[in-house]
Amino acid sequence: KQPRRHKISAEPVYQDDGEGFDPSKVKPIQGRCQELEKEYFRLNEVPSPDVVRPEPVLRRALARLKRRFAETPVEERQADYEAYMWTQLKAIRQDLLVQHLWNDLVIDVYETHARIALECRDLNEYNQCQTQLMEHYRSGLQGSVYEFHAYRLLYYVYLQSNPKYQE
């Protein structure tokens, strides 16, 4: 299946410094897309507001994904995560990032993605989420801080006991 192509803004509001697109270096985008589903795509330029979902749409999209995951039989969750959930959660995170959103929704998205990634044994994605969560918690955003500190400790124990990560 070919990924969907999304319109990218032709407005030259971002100059590539050779290190790739960094949303923190541009003004926040106010999303206008009303679609709940959107595939993740790596940004090379500032996206058009027409392909970025605003916060209310992101809240509905996350609620839908949470319901879907809870309703998916345990033995099918891994396959559903790999085929669908991963790209949907990454796309939500990306829409949050380009809009410079920093609130309870950000915590909910990252905590949800981290929990699902752990359940589906996606340690790389879990680590990305927990790294962002620690930054958000330090900034004062509230969430399941103790739960994620515990996961982080277990993750480090795992890394220490895995020969792949030893020197």
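This is a predicted model: local features need pLDDT of at least 70, side-chain atom pairs count only at pLDDT 80 or more; totals for chains, interfaces and linings use all residues.

What do the side chains of D50 and R32 meet in? They form a salt bridge, with N and O 2.9 Å apart. D50 sits in the segment before helix 1 (55-71), and R32 is in the segment before helix 1 too, so this pair ties together parts that are 18 residues apart in sequence. As for D50 itself, its relative accessibility is 38%, which makes it partly exposed.

Next stop: select D95 and K38. Here's another salt bridge, and its closest N and O atoms are 2.4 Å apart. Trace the chain from one partner to the other: D95 belongs to helix 2 (residues 74-98), while K38 lies in the segment before helix 1, so the pair links distant parts of the chain, 57 residues apart. Are these two buried or exposed? D95 is buried, and K38 is buried as well.

Move along to helix 1 and pick E55 and R59. Their side chains join in a salt bridge, at 2.7 Å from N to O. Why does this pair look like a step along the helix? E55 and R59 are 4 residues apart in helix 1, so about one helical turn separates them. E55 is partly exposed, with a relative accessible area of 22%, and R59 is partly exposed too, at 32%.

For the last stop, switch to a cartoon view and color helix 3 (residues 104-119) and helix 5 (residues 145-161). Their axes are 12 Å apart, and the two helices pack at an angle of about 35 degrees. Helix 3 passes helix 5 in a left-handed crossing.

Which residues make the contact? On helix 3, select E111, A114, R115 and L118. On helix 5, select E147, F148 and Y151. Sort them by type and you get 4 nonpolar residues, 3 charged ones and no polar ones.

Notes:
Residues are numbered from 1 along each chain as its sequence is written. Side-chain values use heavy atoms; hydrogens and water are left out. A salt bridge is a side-chain nitrogen of Lys or Arg within 4 Å of a carboxyl oxygen of Asp or Glu. Buried means under 20% relative accessible area, exposed over 50%, partly exposed in between (1.4 Å probe, protein chains only). Axes are lines fitted to C-alpha atoms, for helices over the stretch in contact, and angles run from 0 to 180 degrees between N-to-C directions. A crossing is left-handed if the near helix is turned anticlockwise from the far one by less than a right angle, and right-handed if clockwise. Contact means heavy atoms within 4.5 Å. Ala, Val, Leu, Ile, Met, Phe, Trp, Tyr, Cys and Pro count as nonpolar, Asp, Glu, Lys and Arg as charged, and the others, Gly among them, as polar.
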